[in-house]
Amino acid sequence: MTAAEILKEVNRIFIDQLENENIVLNRASIADDIEEWDSLTHIQLIVAIEKHFKTRFTSAEIQNFKNVGEMCDALEKKILLK
Amino acid sequence: MKKGDKFQTDFIVDDEIYNGFIDLFKDKNPLHTDAAFAEAKGFKGPVMHGNILNGFLSFFIGECLPEKNVLIHSQEIKYLHPVYKNEKLRLVAEVENVSESVKVAELKFFFENHTNLKIAKGKINIGIDL
């Protein structure tokens, strides 16, 4: 799975979880860019992403992600390691 | 708490709970309070408020789990059959997923009555102190 494909699937998860069809993520996207992305929905997003990609993050990883791109990079590595 | 853990708690919708719910929330809809009305609608008697079950869920999450540092993030419930006063109910819950990164546990649950009829089911996500 390419980084672009991962970003596309993550975008779909954001749309579903935040119930906003207009969300368009890019690698630089951060919580401030999306109104519905708050501390509570952040948890829901992480859980949904972990389930979708059948992987787990550590709490340290979560805290260190600076943007969506870094999260997608981590996902790509985890998928490659499977 | 880990995936596969199961918990159960028993409840009875007794007079104290039924009357307390009405006193607090003022829902005196005849379906809940008028036996003749409820029977005319095909029920055996006044139907207990579905949200009483949400009160039981609150007690279960707050008081019956091994962790006390818990916070309900979301829950959904589907009502499958009516509940009548003094009916004995059992809440059965199973941990379906635990995300350690964000400290969340997802539980699926159901309520069943004394005949093992499932009267409601749903899912609940809680924040926990792992």
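How many salt bridges are counted between chain A and chain B? In this predicted model, the count between the two chains is one salt bridge, and it is formed by the side chains of Lys51(A) and Glu106(B), with an N to O distance of 3.2 Å. Five residue pairs are found in polar contact across the interface of chain A and chain B, both residues of each pair being at pLDDT 80 or more.

On the side of chain A that touches chain B, helix H2 (39-53) and helix H3 (59-64) each supply at least two residues, and H2(A) provides the largest share, with seven residues. The contact as a whole draws twelve residues from chain A and nine residues from chain B, and the area buried between the chains is about 880 Å², 57% of which is given by carbon and sulfur atoms. Of the area that chain A buries against chain B, 45% comes from Ile43(A), Val47(A) and Arg56(A), which is more than any other three residues supply.

The largest nonpolar core contains 31 residues, and those with the most contacts inside this core include Met1(B), Phe60(B) and Ile126(B), together with Phe56(B), Leu107(B) and Phe111(B). Among the elements of chain B that each supply at least two residues of this core are strand S1 (6-12), helix H1 (15-25) and helix H4 (51-64), with H4(B) giving the most, six residues. Beyond its neighbours within four places in sequence, Phe56(B) is in contact with Phe11(B), Ile12(B), Val13(B), Ile17(B), Leu89(B) and Phe111(B). A second, separate core has 27 residues, including Ile15(A), Ile23(A), Ile46(A) and Phe53(A).

Notes
Residues are numbered from 1 along each chain as its sequence is written. Chains are lettered from A and ligands numbered from 1 in the order in which they are written. This is a predicted model: local features need pLDDT of at least 70, side-chain atom pairs count only at pLDDT 80 or more; totals for chains, interfaces and linings use all residues. Side-chain values use heavy atoms; hydrogens and water are left out. A nonpolar core is a set of buried Ala, Val, Leu, Ile, Met, Phe, Trp, Tyr and Cys residues joined through side-chain atoms within 4.5 Å. Buried means under 20% relative accessible area, exposed over 50%, partly exposed in between (1.4 Å probe, protein chains only). Helices (H or I, at least four residues) and strands (E, at least two) are DSSP runs, numbered from the N terminus. Contact means heavy atoms within 4.5 Å. Buried area is the accessible area (1.4 Å probe) that two parts lose on being put together, summed over both. A salt bridge is a side-chain nitrogen of Lys or Arg within 4 Å of a carboxyl oxygen of Asp or Glu. A polar contact is a pair of N or O atoms within 3.5 Å; within protein, one must be able to donate a hydrogen and the other to accept it, and residues adjacent in sequence count only if both atoms are side-chain atoms.
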